[in-house]
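I opened this notebook to record what I looked up in one structure. The entries follow in the order in which I made them.

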Amino acid sequence: EVQAGAAKRKSRKRWKDIGFVWSILIYPLILFLIFYVYVNINSFVMAFQKQNLDGTKIFVGFDNFKQFLSDMSAEGGLLNISFRNSVKMYLLNLLICMPLYIIFSYFLFKNFIGSKVIRVVVMIPQVVSGMVIALLFKKIVSDALPGLMESLFGREFPDLLSTPGKRFGTVLFYGIWISFSTSLIVYSNAMGEINEEVIESAHIDGIDTMFPELWHIILPSIYPTLTTFIVVGFAGFLADAGALVTFYAADGEAEVYTLGYYFQVQILRNNTGNFNVVAAGGLMMSLVIAPLTFLLKYCMEKFGPGE
C-alpha cells in the first residue's frame, strides 16, 4: 500500500511537470505553427494561384513566376530598381563597410585614442529602441538640420530624406551608422578572445606594426566571425528593408525601394492583386539564395585560413 501511494504521488508529480512544461511551450508553439508553418505553406500555395475579382482562386501554374521575372527585368520598373538597390546596399556593406567595421573594431581592441568616444557613439542605437532612433534621425534630417543650416548660413537646406537624388544616399548612411554598433561590438569582442600569448609571440617574430598584426594575426583569428557575418548578410540581403517603412511608411519614392521594402509595401497597401506575384517572387528568391548561401558557407570554410 505504501509503495502504491508513492507510485501515485510520483505519477502525479510527473504529470504536473509535463503540464508545467507544456504550459510554457504551448503559446510559442501555436505562434510558430500560425506565423511560420501556416504562413509559409500558404505563401507557397499562393505562388501558383491567381485571385479573381470575385475572390475565387484558380491555379495558374508558373504564370506568377513569369510575371515576377518580367517585372524585375523591365528597365526602369519598380522591381528592377528595387533589385538594383538591394544589390548596391549589400555590396556597399560587404566591400566598404565591413573593412571599416574591422578597422574601427581593431582601434577599440587596441584602446587607441578616441576609442571610448567611438564606443559611446556606436552604442546609442543598442540602448535605445530602433524605432525611436529611426524617428529621431528622420526628425533631425527633415526638421532640425535644415533649420540649423539656415540659421547658421542663411541658406535653405534641403530635407535629405525627401530631395530627389539624395534620398537613397541618406538611407544608406543611416543603414551604415545603425549597423556600426552591432558589428563593432561583435568584432571587438571576438578580437578580445584572442590569446595574448599568440599576439606576443607574433611580436617576438617581428610583427610589431598595426597592419601586419591585423592582417596576419587578428583576421585569421576572427575568421569564423567574419564568415558568419558574410553568410548571414548574403542570406538576407534581398529581404532587407532597413528603416524604410519607418521613414516613408508605404509612400516611398522608387529611388529608395529595395526588394524587402517592395514586399512590405504590397502588404501595407493591402495590394491583394499583387500578393500572388510577390509570393512567387519570394519563393523564387529562396530557391536561388538558399543553395548559394550554403555554397558560400562551404567555400569560406574550405578555403579560409587554417588553424
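In which helix is the place of Met72? I found Met72 in helix 2. I note here that the model is a predicted one.

I next looked up the accessibility of Met72. Its relative accessible area is 15%, so I list Met72 as buried, the cut-off being under 20%. Leaving aside neighbours within four places in sequence, I found Met72 in contact with Leu79, Asn80, Phe83 and Leu259. I also looked up a distance from Met72 to Lys116: the two are 44 residues apart in sequence, and their C-alpha atoms are 46 Å apart in space.

Asn64 is also a residue of helix 2, which covers residues 63-73. Is Asn64 buried or exposed? Asn64 has a relative accessibility of 7% and therefore counts as buried. With neighbours within four places in sequence left aside, its contacts are Met46, Ala47, Phe48, Gln49, Asn276, Val277 and Ala280.

I then moved to Glu75, which lies in the loop between helix 2 and helix 3. Glu75 counts as exposed because its relative accessibility is 63%, and the cut-off for exposed is over 50%. Not counting residues up to four places away in sequence, Glu75 touches Asn80 and Arg84. I noted that Asn80 is among the contacts of Met72 too. Glu75 and Tyr248 are 173 residues apart along the chain, and 24 Å separates their C-alpha atoms.

Helix 3 runs over residues 78-110 and contains Ser86. With a relative accessibility of 2%, Ser86 counts as buried. When residues up to four places away in sequence are not counted, Ser86 touches Phe237, Leu238, Thr258 and Leu259.

I then asked how helix 3 is placed against helix 8. Two packed helices are described by the angle between their axes and the distance between the axes. For helix 3 and helix 8 (residues 210-221), the angle is about 100° and the axes are 12 Å apart. The two helices are therefore roughly perpendicular to each other, as angles of 65 to 115 degrees are counted in this way. From helix 3, the contact is made by Ile102, Tyr106, Phe107, Phe109 and Lys110; from helix 8, by Met210, Glu213, Leu214, Ile218 and Leu219. I recorded these contact residues by kind: eight are nonpolar, none are polar and two are charged.

Which residues touch the most other members of the largest nonpolar core? In this core of 67 residues, they are Ile102, Ile218, Ile222, Phe247 and Tyr248. Not counting residues up to four places away in sequence, Ile218 touches Tyr106, Phe109, Met191, Ile194, Ile199 and Glu213.

**Entry on helix 6 and helix 9**

At what angle do helix 6 and helix 9 pack? Helix 6 (residues 167-192) and helix 9 (residues 223-236) pack at about 155°, and their axes are 9 Å apart. The two helices are therefore roughly antiparallel to each other, since the cut-off for this is over 145 degrees. I recorded their crossing as right-handed. Ser183, Val186, Tyr187 and Ala190 of helix 6 meet Thr225, Leu226 and Phe229 of helix 9. Among the residues of this contact, five are nonpolar, two are polar and none are charged.

Ser188 is another residue of helix 6. Its relative accessibility is 9%, and Ser188 therefore counts as buried. With residues up to four places away in sequence not counted, Ser188 touches Ser105 and Leu108. Ser188 and Gly154 are 34 residues apart along the chain, and their C-alpha atoms are separated by 43 Å.

In helix 9 I looked up Gly236. Gly236 counts as partly exposed because its relative accessibility is 30%. Gly236 and Leu214 are 22 residues apart in sequence, and 28 Å apart in space from C-alpha to C-alpha.

**Entry on Ala249**

Where is Ala249 found? Ala249 is in the loop between helix 10 (244-248) and helix 11 (259-268). I noted that its phi is near 55°, a positive value in a residue other than glycine. At 36% relative accessibility, Ala249 counts as partly exposed.

Notes. Residues are numbered from 1 along each chain as its sequence is written. This is a predicted model: local features need pLDDT of at least 70, side-chain atom pairs count only at pLDDT 80 or more; totals for chains, interfaces and linings use all residues. Side-chain values use heavy atoms; hydrogens and water are left out. Axes are lines fitted to C-alpha atoms, for helices over the stretch in contact, and angles run from 0 to 180 degrees between N-to-C directions. Helices (H or I, at least four residues) and strands (E, at least two) are DSSP runs, numbered from the N terminus. Angles under 35 degrees count as roughly parallel, over 145 as roughly antiparallel, 65 to 115 as roughly perpendicular and the rest as oblique. A crossing is left-handed if the near helix is turned anticlockwise from the far one by less than a right angle, and right-handed if clockwise. Contact means heavy atoms within 4.5 Å. Ala, Val, Leu, Ile, Met, Phe, Trp, Tyr, Cys and Pro count as nonpolar, Asp, Glu, Lys and Arg as charged, and the others, Gly among them, as polar. A nonpolar core is a set of buried Ala, Val, Leu, Ile, Met, Phe, Trp, Tyr and Cys residues joined through side-chain atoms within 4.5 Å. Buried means under 20% relative accessible area, exposed over 50%, partly exposed in between (1.4 Å probe, protein chains only).
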